[in-house]
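Visitor: I would like to learn how to read strand pairing and helix packing in a model such as this one. Could you take me through a case of each?

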Amino acid sequence: MPRTLLLFIVALFAASPLGAEDAVDTASAAPAEPVRVMILGSYHFANPGRDMANMQVDDVLAERRQREIAVLVESLARWQPTKIAVETVASTPDLTLAGYARAEELLGRSANESVQIGYRLARMLDHGAVYGFDEQAESGEPGYFPMGAVVAHAEKTGRIEVIERLKREIDARIADEQARLAEQSIAESLIVHNDPDRLDADHDRFYYALLAIGDADEQPGAVLNAMWYMRNAKMFTKLMQVAEPGDRVLAVVGSGHAAWLRDLTRRMPGYELVESLPYVRAAAIASQAGAED
């Protein structure tokens, strides 16, 4: 660093209006209460068929499933979230969802987990709003999951076996999970979607395997990873827009988003991650006990 620049920086700090008394006041100021965030991962109760592999689920509006969802929501309520956000695109500047005003009606006809878990819990806690924090590409914008380009490149370069192997693994996992659904409660079926080790391992196994698809000229696997991160980073930014110091924010989201959202929460100064798994397990135990009565 040139000596003149160093002297300028020293002089600038020396001339700063922050005196010793101000410095003491700043140091002793109480830190803001952190924003605590719980990411509740879920499969899609009303699967829209937009994922690479889609699980077929039974009717969550059936009486048995409604009882199980009620048990899950009661368990989550014990954490006392102050704000609830769901994987829905909001059209309002404050990210509130107009559909929440029709929560009672929607609970009787919509299978979507945003309604069945998010709206139901918000009503139980007497919240005035539910927030939408999903992010989707607008018309004409590149998609956030450009799998077609990855497959095309893999076929062109003789790497399609990488994709086919991953798809076989995913299909086998979903088939196994789907086969167990009938015997499981809703909460029990969500345990794997909220297990931190499983979430990280699945994320790394799938997304980072796609980094191998590319060459010196094109890297579509890297592009997919970048776009997927961008979508989740934008979703997290929306959570930040609705959160205030001291809030306890519950985010209900497809579990494919959980790894990145959990990572962003852990790394963001002023934020703390609260594990959802203990609350899901408690609901699974309560559901089992209720089924045996």
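Guide: Let us begin with a single bridge, bearing in mind that this is a predicted model: Ala-85 has Ala-251 as its bridge partner in β4. That bridge belongs to a parallel pairing of β2 with strand β4 (residues 248–254), which runs over four bridges.

Visitor: Which residue stands opposite Ala-85 in β3?

Guide: In β3, Tyr-131 stands opposite Ala-85, and the pairing of β2 with strand β3 (residues 131–132) is again in the parallel sense, over two bridges.

Visitor: Turning to the helices, at what angle do α3 and α12 pack?

Guide: Helix α3 (residues 63–77) packs with helix α12 (residues 277–292) at an angle of about 140°, their axes being 8 Å apart. Because angles over 145 degrees count as roughly antiparallel, α3 is classed as oblique to α12 at this angle. The crossing of the two helices, α3 and α12, is right-handed.

Visitor: Which residues of α3 and α12 make the contact?

Guide: From α3 come Glu-68, Val-71, Leu-72, Ser-75 and Leu-76, while α12 contributes Tyr-279, Val-280, Ala-282, Ala-283, Ala-286 and Ser-287.

How values were computed:
Residues numbered from 1 in each chain as written. Predicted model: local features only at pLDDT ≥ 70, side-chain atom pairs only at ≥ 80, totals over all residues. Heavy atoms only, no water. Axes fitted to C-alpha atoms, helices over the stretch in contact; angles between N-to-C directions. Parallel < 35°, antiparallel > 145°, perpendicular 65-115°, else oblique. Left-handed = near helix turned anticlockwise from the far one by under 90°. Contact = heavy atoms within 4.5 Å. Pairing = 2+ DSSP bridges.
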